[in-house]
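Hi there,

Here is the structure I promised to pass on. Have a look at it first, and then read on for what turned up in it.

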Amino acid sequence: MYQYQCLNAVSEAGLSLFPESYQRTQSMEEADVLLVRSASLHETVFPDNVKAVARAGAGVNNIPLKTCAEKGIVVFNTPGANANGVKELVIAGLLLASRDIIGGIEWVKAHAGEEQIAGAAEKEKKRFAGQEIEGKKLGVIGLGAIGALVANAALHLGMEVYGYDPYLSVDSAWNLSRHIHHVRDLEEICRECDYITLHVPVVDDTKGMIHRETLSQMKDGVILLNFARDLLVKEEDLLEALTTGHVRSYVTDFPTKKLSGKERVIVIPHLGASTDESEENCARMAVRQLQDYLENGNIVNS
Ligand code: MLT
């Protein structure tokens, strides 16, 4: 009999994969393994009974990896399991930044119930006009599970896609369309692209990678999307570029104090992986990993 604890909401449909011999507990003192979504475990004191932590998601920045390593606690994540959910929201982000859909919807809300709303809308609609993404250049920084899906989907929408990933894995390379232009340095993406989207984890090399100098290399009027992590961007520098209009728009899935509510910034409250399908996929993968580890001693991170 094994016990598991969920430290925040993890898909019940996914958890139902645990066999009957696994019991859910509310007490960490009893748990053999932990499942967590985005809640931070950095302040957690892990009792000795905890053998593994599964992060139902890709990023592990909410897990104290060093502490876990010191205590011999195995950490799993679920790479790729929510990639489709994130990809779909990135595509929505491209469209939200290109057409004033949000402005238009707000206008309708403000005029709801008015007799003449249809006629008034016809008069107003010019100010909500936008651009199409077809034929525009998209730079994808990071071609892992999510970046590869975004790149392929953007190609299907008629965009010209540039990809940059110095650590491209063989698996991801196989999944990429041959129509993607692979570039050797970030500068080329900055110089060429009308839209740039970030799909890299936060590690020493990538923290703050979008700063004054990288921003200045980007085209005037570039649209920047960040559905990866807020720490990739130096917010002060980005704010400056947004104020001058050099960056036309910033779309992010990470609400932060500095950027939320600012002009030209579209903030989504970290919903990339918040779909029934992605949540279930992540929980299923996590359950399989934990079970395989507890019962067979296998450490498989896929
Ligand atoms: C991830 O890292 O995969 C996402 O942050 C998942 C989530 O929203 O839980």
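Predicted model: local features only at pLDDT ≥ 70, side-chain atom pairs only at ≥ 80, totals over all residues.

To get you started: how many bridges join strand β1 to β2, and in which sense do the two strands run? Strand β1, residues 2-6, is joined to β2 by 3 bridges, and the two run parallel.

Where the domains meet, 6 residues of domain 1 are in contact with 7 residues of domain 2. On the domain 1 side, these residues comprise 1 nonpolar, 4 polar and 1 charged.

**The five-stranded sheet**

β1 and β2 belong to an open sheet of 5 strands with parallel pairing, in the order β2-β1-β3-β4-β5. As a reminder, strands of a sheet pair through backbone hydrogen bonds. At the edges stand β2 (22-24) and β5 (74-76); each has a single partner strand, so one side of each has no neighbour in the sheet. From one strand to the next, the twist averages 25°. Helix α11, residues 276-296, packs on this sheet and touches β1, β3 (33-36), β4 (52-55) and β5. The direction of α11 makes about 165° with that of β4.

**The seven-stranded sheet**

There is also an open sheet of 7 strands, again with parallel pairing, and its order is β8-β7-β6-β9-β10-β11-β12. Its edge strands are β8 (181-182) and β12 (265-267), each of which pairs on one side only. Within this sheet, β10 (residues 222-226) and β11 (residues 247-252) pair in the parallel sense over 5 bridges, and L224 stands opposite Y250 in β11. Helix α10, residues 235-244, packs on the sheet by touching β11 and β12. Between the directions of α10 and β11 the angle is about 135°.

**A pair of helices**

Finally, have a look at helix α3 (residues 83-98) and helix α6 (residues 145-156), which pack with their axes 9 Å apart at an angle of about 45°. The two helices are therefore oblique to each other, and α3 passes α6 in a right-handed crossing. Which residues meet there? From α3 they are A83, N84, V86, K87, V90 and I91, and from α6 they are A145, I146, L149, V150 and A153. By type, the residues of this contact divide into 9 nonpolar, 1 polar and 1 charged.

Terms used
Residues numbered from 1 in each chain as written. Contact = placed C-beta atoms within 7 Å. Nonpolar A, V, L, I, M, F, W, Y, C, P; charged D, E, K, R; others polar. Pairing = 2+ DSSP bridges. Helix = DSSP H or I, 4+ residues; strand = E, 2+ residues; numbered from the N terminus. Axes fitted to C-alpha atoms, helices over the stretch in contact; angles between N-to-C directions. Parallel < 35°, antiparallel > 145°, perpendicular 65-115°, else oblique. Left-handed = near helix turned anticlockwise from the far one by under 90°.
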